[in-house]
Amino acid sequence: MDDIALEPRAAALGAVSLSIGGMTCAACAGRVERALARVPGVLDASVNLATEVAQVRFEDDVPATASLTAAVERAGYQAALREPGSQLGEPSAELARRSAWAVAAAALLSAPLLAPMLLAPFGVHAMLPGWWQFALATPVQFVLGWRFYRAGWQAARVGEGNMDLLVAIGTSAAYGLSVHALLTQGDAHGTHFYFEASAVVITLVMLGKWLEARARRKTTEAIRALQSLRPEVALLRRGDRELTVPLDGVFVGDEVIVRPGERIAVDGLLIEGDTQVDESFITGESRLIDRSVGDPLTGGSINGEGRVVLRATAVGTETVLARIIRLVEQAQSRKAPIQRLVDKVSQVFVPVVLGIALVTLLGWGLGAGDWTRAILNAVAVLVIACPCALGLATPTAIMAGTGVAARHGILIQDVQALETAHAIEVVAFDKTGTLTEGRPTLVTIEPQPGWTADALLALAARVQAGSEHPLARPVLQAARDRGLATAASALDVQALPGRGVRGRVDERLVWVGSPRMLTEIGVDIAPARSRADALAADGHTVSFVVSAPADQSTPPVLAGLLAFGDTVKPGAARALQRLRDLGIWTVMLTGDNPGAAAAVAASLPIDEVRSQVLPEQKAQAIAQLREGGRRVVAMVGDGVNDAPALASADVGIAMSTGTDVAMHTAGITLMRGDPGLVADAISISRRTWTKIRQNLFWAFAYNVVGIPLAALGHLDPVLAGAAMALSSVSVVSNALLLRRWRPGV
């Protein structure tokens, strides 16, 4: 987590997010998109109905926010610039309260109208007089239901339709038919009114939208849970004083005190104290991690039992937590490719429904001569044909899937990657840092005659004491473990690029490096060649230690050799076996020699190994594995050399323990270096894809079955309203089942 960089992998020329108000169905989302796309400078706009957020990309000539919001308002909706970190699709408590009261009022007014219908099968006749029905239905129709008229008119005046228009026309027809009967036939016994149809349909639609909004808010719980990790205040140390300040009062370089059990306010470096921290919000694992002076601390983590002081290195929107929140929000706000099909259907859906309703009206009126029946059947067609379920089917599943994945350490930055991952057939792994720890350890010390292992190790450690080379660290660690004194570094140390290092230790010159270095200084490695070759064949990296008197009175001689190995990650074997159980072919791509690659592969259930693959050749290997586009290939890596392969794969998966470049390139980032998360990422993708298909099937099937039934007179308007409300709620509820997903299943 030292150098984590979590930004979108493909930055647009410019982008802005808008909160959109007043949308009720997929047709609304499409209308807002078209309105935004017509603003000069806008490249494209994507509106997510479930999150009520518009993502707008534009050219260098940035359009003014006012022009974007004005375009949305002309289309009949509300728009406001969305501030970073604001809640995703979360209405205010006051708005939620007003919606609940409106539903309750509509239900109270509609109940006396609906009760006689429900009691009639039991022989109870309690029909209210017509004027009483009129008095109860009118406020529901024109006060509580005014929103449908307003939104429907805004759509109609620009030549488009939406759910509100269908509801407004349908309920107005039933209400108007009842008023006509009341005025022409009076309140005589036997006169049938349809006030209950208009009032109950409006009530059911309002109830359905309220339930849908409540369920939809649950899909953003992952974001709200992450946002709750940010403390509101921080304790600063300035000189001899300790000050409690709001979080936005902390700046880079400030010294922040964190007491035992508190959440760490900002990202920083530990400068005083030792502790353990819980970073489960990043890694998905609740185990405590040791932290000492010089180690990084991540804002949002929970401090253990130690009182520590850190120096802030990132604050506000630049912290790891803020960037994770931003990426999850962006992923949830974007559209999956399959949503394009739904959008095309939604554009023509409302006009087609209006046409079917007109045909139903004329067919029953002219054919059967029963205009009352014709109006009721046309009303049923208009009411049941709500495109809400279509609009919510995909985004709610995407939101639930990305949210639960983030909670378990899988950060999905690209919705297309989530949609594609379900079909992965081949997973290619980089070796170092992905399947192995990526931290070489000293496994063998082979002194030549006249030397001891400790003397050889101490000599090498003193020469490499100031080196940042990956092989220097395990030498120094091994020397410390053996209690060898390495405080006094060598003098006149000189790095020999690509070959090794040279320095003077006391009265001796010492070289540590590769066979090429030995050749250059004229040292014969024949005595150790067979042993060095055997170690290399086993996958070890071999360094030679050479010594000579400082006055070079005698030529340099080989003092011994050091062999380094990279251990396989503890969970790598199980991770690969899980992929194999899923029917996925696994491949290891590495630039190491065949011996090193074979040594790692011997302990893993991997299907194919390709060694000595240069970085530019990894992308070619991905293309070969794809077999001309017939197979979906994922690449898993963590280094700069993996970036071309990550970009060329159908799905790029990066380890967050690796480099920034890899994470910029990949569509999915694993928040801990556990290869087992690869199978988990594929698992959540498959679950999400299944939910998308289920939702779209039910949304389409509901309309395919419901509209003909209504047109043929087999569906009462009240039942049509109930079915319409149920459809949206069922789609969102089905998507919420994804929250039950757990890793490893």
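Helices (H or I, at least four residues) and strands (E, at least two) are DSSP runs, numbered from the N terminus. Just after helix H24, glycine 713 takes a positive phi of about 85°.

The model is predicted: local features need pLDDT of at least 70, side-chain atom pairs count only at pLDDT 80 or more, and totals for chains, interfaces and linings use all residues. Residues are numbered from 1 along each chain as its sequence is written, and side-chain values use heavy atoms, with hydrogens and water left out.

## Helix packing

Two packed helices are described by the angle between their axes and the distance between the axes. Axes are lines fitted to C-alpha atoms, for helices over the stretch in contact, and angles run from 0 to 180 degrees between N-to-C directions. Angles under 35 degrees count as roughly parallel, over 145 as roughly antiparallel, 65 to 115 as roughly perpendicular and the rest as oblique.

| Helix pair | Angle | Axis distance |
|---|---|---|
| H12 (residues 371-384) and H24 (residues 676-711) | roughly 165° | within 8 Å |
| H19 (residues 572-581) and H24 | about 30° | 7 Å |
| H4 (residues 130-144) and H5 (residues 146-156) | about 40° | 4 Å |

H24 has 36 residues, which at 1.5 Å a residue should span 52 Å; the end C-alpha atoms of H24 are 53 Å apart, which agrees. The expected span is 1.5 Å times one less than the number of residues.

The axes of H12 and H24 cross at roughly 165°, so the two helices are roughly antiparallel to each other. Their crossing is right-handed, meaning that the near helix is turned clockwise from the far one by less than a right angle. Contact (heavy atoms within 4.5 Å) is made by Asn377, Ala380, Val381 and Ile384 of H12 with residues of H24 including Tyr702, Asn703 and Gly706. This contact has seven nonpolar, three polar and no charged residues. Here Ala, Val, Leu, Ile, Met, Phe, Trp, Tyr, Cys and Pro count as nonpolar, Asp, Glu, Lys and Arg as charged, and the others, Gly among them, as polar.

H19 packs against H24 at an angle of about 30°, which makes H19 roughly parallel to H24. From H19, Ala575, Arg578 and Leu579 take part; the H24 side includes Gly676, Val678 and Asp680. Five residues of this contact are nonpolar, one is polar and two are charged.

H4 and H5 pack at about 40°, and H4 is therefore oblique to H5. Gln141, Phe142, Val143 and Leu144 in H4 meet Trp146, Arg147 and Tyr149 in H5.

## Sheets

Two strands pair if DSSP finds at least two bridges between them. An open antiparallel sheet has four strands in the order E2-E3-E1-E4. E2 (42-48) and E4 (78-81) stand at the edges with a single partner strand each, so one side of each lacks a neighbour in the sheet. Neighbouring strands are turned by 25° against each other on average, direction ignored. Six bridges pair E2 with E3 (residues 53-58), and valine 47 has alanine 54 in E3 as its bridge partner. Helix H2 (residues 65-74) packs on this sheet, touching E1 (15-21), E2, E3 and E4.

Another open antiparallel sheet has six strands in the order E16-E21-E20-E19-E18-E17. Its edge strands are E16 (441-447) and E17 (491-496). Four bridges join E17 to E18 (residues 500-505), where glutamine 494 stands opposite arginine 502 in E18.
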